[in-house]
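Me: I have a model open and want to check the terms used for it. Please set each value against its cut-off.

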Amino acid sequence: ARDRELSISAERERNESRLAAANETARALGEEKGEALAEIERLRADLALGEESRAILEAREKEANERHEMLRAELAASVAMAADARREADAAFDEAAAARAELEALRGAA
């Protein structure tokens, strides 16, 4: 009976030791899981921030492209206006030259 009690006691100690080791392993795994979940949340927050930054940059790019197109249209209009002004100036110069020639012809005739 004494041997049986010692055997039961030794088995109980082994089982308690295994249970303690299993509990320690579960605790360590729980900590790792908690750290992994925290890292996932940090990564999600970083991703959300990156997506927000990307959306802001895309909006800025769109605004810049719209401004570029507006400036290009304004430049084209300005070039066209300058060409018109140049033609008008050339015509005025030609008219002035013709008037000068006519005036000199009248002076020569007088």
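Me: Where do Arg 27 and Glu 31 lie, and how many residues apart are they?

Reply: Both are in helix α1, which covers residues 2-109, and they are four residues apart, about one turn of the helix. This is a predicted model, in which local features need pLDDT of at least 70 and side-chain atom pairs count only at pLDDT 80 or more, while totals for chains, interfaces and linings use all residues. Residues are numbered from 1 along each chain as its sequence is written, and side-chain values use heavy atoms, with hydrogens and water left out.

Me: What makes a stretch a helix here, and how many helices and strands are there in the protein chain?

Reply: Helices (H or I, at least four residues) and strands (E, at least two) are DSSP runs, numbered from the N terminus. The protein chain has one helix and zero strands.

Me: Why is the protein chain called more spread out than a compact globule?

Reply: Its radius of gyration is 47 Å, well over the 13 Å that the globule rule gives for 110 residues, so the chain counts as more spread out than a compact globule. The radius is taken over C-alpha atoms, and the rule is 2.2 Å times the number of residues to the power 0.38. Along the principal axes, the C-alpha atoms fill a box of roughly 160 × 15 × 10 Å. As for two positions within the chain, Ala 85 and Ala 48 are 37 residues apart in sequence and 55 Å apart in space, C-alpha to C-alpha.

Me: What makes the contact of Arg 27 with Glu 31 a salt bridge?

Reply: The term requires a side-chain nitrogen of Lys or Arg within 4 Å of a carboxyl oxygen of Asp or Glu. The closest N and O atoms of Arg 27 and Glu 31 are 2.2 Å apart, and the pair forms a salt bridge. By this rule the count comes to eight salt bridges.

Me: Which other pairs form salt bridges?

Reply: Among them is Glu 58 with Arg 54, at 3.2 Å between the closest N and O atoms. These two also lie in helix α1, four residues apart. Asp 84 and Arg 87 meet at 2.2 Å, N to O. Asp 84 and Arg 87 are three residues apart in helix α1, so about one helical turn separates them. Salt bridges that share partners also join Glu 24, Arg 27 and Glu 31 into one network.

Me: How is Ala 85 classed, and what percentage of the protein chain is buried?

Reply: Ala 85, found in helix α1, has a relative accessible area of 43% and is partly exposed. Of the 110 residues of the chain, 0% count as buried.

Conventions
Buried means under 20% relative accessible area, exposed over 50%, partly exposed in between (1.4 Å probe, protein chains only).
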